[in-house]
Amino acid sequence: TVVGAEMLITIEAAKAASEGKSLAEVTEVANKIKQRVSELALRPSLFHFEHYGRTGKAKGWAESAIATVTVLETDSATGGAAQPILREKSPAKAVEATLDLIEERTKGKRLHAAITHVSVPDEAERLKKKLLSRFDLADEVYVCEMPPIGAVLNGEGIVEIGFYAED
C-alpha cells in the first residue's frame with residue numbers, strides 16, 4: 001500500500017483547490033507531487049506480501065529463514081511496484097537505515113512526510129519524533145492508521161513513510 005504517499009498528493013491537491021485553482025491546475029499539482037513522492041515500507045515480515053503474490057524481486061528475502069525487517073520502496077520510477085531496497089536484523093536499525101536513505105535522497109531540502117501503520121501507533125510516533133529531530137520539515141508530519149484492507153494485505157506491524165522534498 002502507499003497510503004502515506006497518496007495522503008501527501010491529496011493534501012497538496014486540496015490546498016490548490018482551496019486556493020481557487022481550476023480542476024486542470026489541481027490535477028497538475030497532484031501529478032507533479034506524484035512524480036516526486038516515494039513510499040518506504042518497513043515490513044517486519046514478508047509473509048502477507050508473499051501470500052498475495054506480491055513479492056516480486058523480494059522473493060528471495062521472503063523465503064529467507066533469517067528474521068529481518070525489509071524496506072520496500074514504491075514510487076513512480078518503480079511503476080507502482082514495491083522494490084526491495086534494504087533489510088536489517090532489527091527494527092531500530094531498519095528505521096535508522098531508512099532515515100539515512102531519506103536524508104541522502106532529499107539532500108537537506110525541506111521534507112514533506114506522512115506516516116501510516118498497522119496496529120503499531122507507538123512505533124509510528126517514534127518515527128515521527130525522529131523525523132522532527134533530524135529533518136527540516138515543510139509541514140506537519142501526518143500519522144494515521146491504515147484502513148482495514150491494509151492490515152489484510154500487509155499484516156500487523158508495518159510502518160510506512162511517504163515523503164518528498166521541496167524544490
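Reader: Is Lys 15 buried, partly exposed or exposed?

Author: Lys 15 counts as partly exposed because its relative accessibility is 32%. Keep in mind that this is a predicted model, where local features need pLDDT of at least 70 and side-chain atom pairs count only at pLDDT 80 or more, while totals for chains, interfaces and linings use all residues. Residues are numbered from 1 along each chain as its sequence is written, and side-chain values use heavy atoms, with hydrogens and water left out.

Reader: Which residue forms a salt bridge with Lys 15?

Author: The general idea first: a salt bridge is a side-chain nitrogen of Lys or Arg within 4 Å of a carboxyl oxygen of Asp or Glu. Here the partner of Lys 15 is Glu 12, with the closest N and O atoms 3.3 Å apart. Glu 12 sits at 16% relative accessibility, so it counts as buried. The structure holds 11 salt bridges.

Reader: Where do Lys 15 and Glu 12 lie?

Author: Helices (H or I, at least four residues) and strands (E, at least two) are DSSP runs, numbered from the N terminus. An α-helix has 3.6 residues a turn, so residues three or four places apart point the same way. Lys 15 and Glu 12 are both in helix α1 (residues 3-18), 3 residues apart, or about one turn of the helix.

Reader: What does Arg 134 pair with?

Author: Arg 134 forms a salt bridge with Asp 100, the closest N and O atoms being 2.3 Å apart. Asp 100 is in helix α5 and Arg 134 in helix α6, so this pair ties together parts 34 residues apart in sequence. Shared partners then join Glu 96, Asp 100, Glu 103, Lys 130 and Arg 134 into one network of salt bridges. In the bridge between Arg 134 and Glu 96, the closest N and O atoms are 3.3 Å apart. That one links α6 (residues 121-134) to α5 (residues 91-106), so it ties together parts 38 residues apart in sequence. As for accessibility, Arg 134 is partly exposed at 26%, and so is Glu 96 at 31%.

Reader: Which residues of α5 are buried?

Author: Among them are Ala 94, Val 95, Leu 99 and Ile 102. What covers the buried residues of α5 includes β1 (38-43), β4 (111-117) and α6, counting contact as heavy atoms within 4.5 Å.

How values were computed: Buried means under 20% relative accessible area, exposed over 50%, partly exposed in between (1.4 Å probe, protein chains only).
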